[in-house]
Amino acid sequence: MSNPPLPEAAVAMLKKPNPAVIATIRSDGQPVSTATWYLWDDGRVLVNMDEGRKRLSHIRNDPRVSLTVLDEANWYNHISLIGRVVELQDDEDLSGIDRLSRQYLGKDYPQRDRRRVSAWIEIDRWHGWGEQKENSQPG
């Protein structure tokens with residue numbers, strides 16, 4: 001595992017609308033993972049959730065998360081970011097989810113009748129594999 005900052009090649013990959021999976025920790029200590037949209041923004045990561053999502057209560061209880069981003073062109077190339085949610089913000093005007101939706105769909109988020117929350121992840125450590133490999137492990 002390496003500490004930030006990430007190299008430019010890793011940042012370039014993270015700026016793309018790649019598939020990603022976020023892991024949170026339930027109150028009983030069990031990890032839970034789910035697919036998510038993300039947005040790389042100047043060394044932090046933005047994710048956004050419907051207010052009814054269980055992962056939001058997980059994050060409120062324990063802000064530690066990991067996010068694994070798979071290069072859409074070759075899933076063998078991936079980056080795992082380990083960190084914590086340092087800021088939760090009600091997305092009252094839906095600007096957070098719209099940023100993510102424009103990244104992934106090219107337009108504002110279509111569902112406008114549910115409250116949403118933005119979460120900002122600060123990265124403590126990261127690990128890359130494939131073209132993003134950053135250590136001397138075999139493989």
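## Ground rules

Residues are numbered from 1 along each chain as its sequence is written, and side-chain values use heavy atoms, without hydrogens and water. In this predicted model, local features need pLDDT of at least 70 and side-chain atom pairs pLDDT 80 or more, while totals for chains, interfaces and linings use all residues.

## Domain

UniProt, in an unreviewed entry, places "domain: Pyridoxamine 5'-phosphate oxidase N-terminal" at residues 6-129. Such annotations may be inferred rather than shown by experiment. Over residues 6-129 the chain is 21% helix and 45% strand. Helices (H or I, at least four residues) and strands (E, at least two) are DSSP runs.

## Cores

A nonpolar core joins buried (under 20% relative accessible area, 1.4 Å probe, protein chains only) Ala, Val, Leu, Ile, Met, Phe, Trp, Tyr and Cys residues through side-chain atoms within 4.5 Å. The largest has 25 residues, and L6, V45 and L81 touch the most other members. β7 (116-129) is among its suppliers and gives the largest share, 5 residues.

A second, separate core has 7 residues, including L39, L94, I97 and L100.

## Pocket

A pocket is an open set of points on a 1 Å grid where a 1.4 Å probe fits, with protein on both sides within 12 Å along at least five of seven lines; lining residues have an atom within 4 Å of a point. The largest pocket holds about 200 Å³ of space, the volume filled by probe spheres set on the points.

Its lining has 13 residues, with N48, R55, I97, Y109 and R116 nearest the centre. β4 gives the largest share, 3 residues.

Terms used: Buried means under 20% relative accessible area, exposed over 50%, partly exposed in between (1.4 Å probe, protein chains only).
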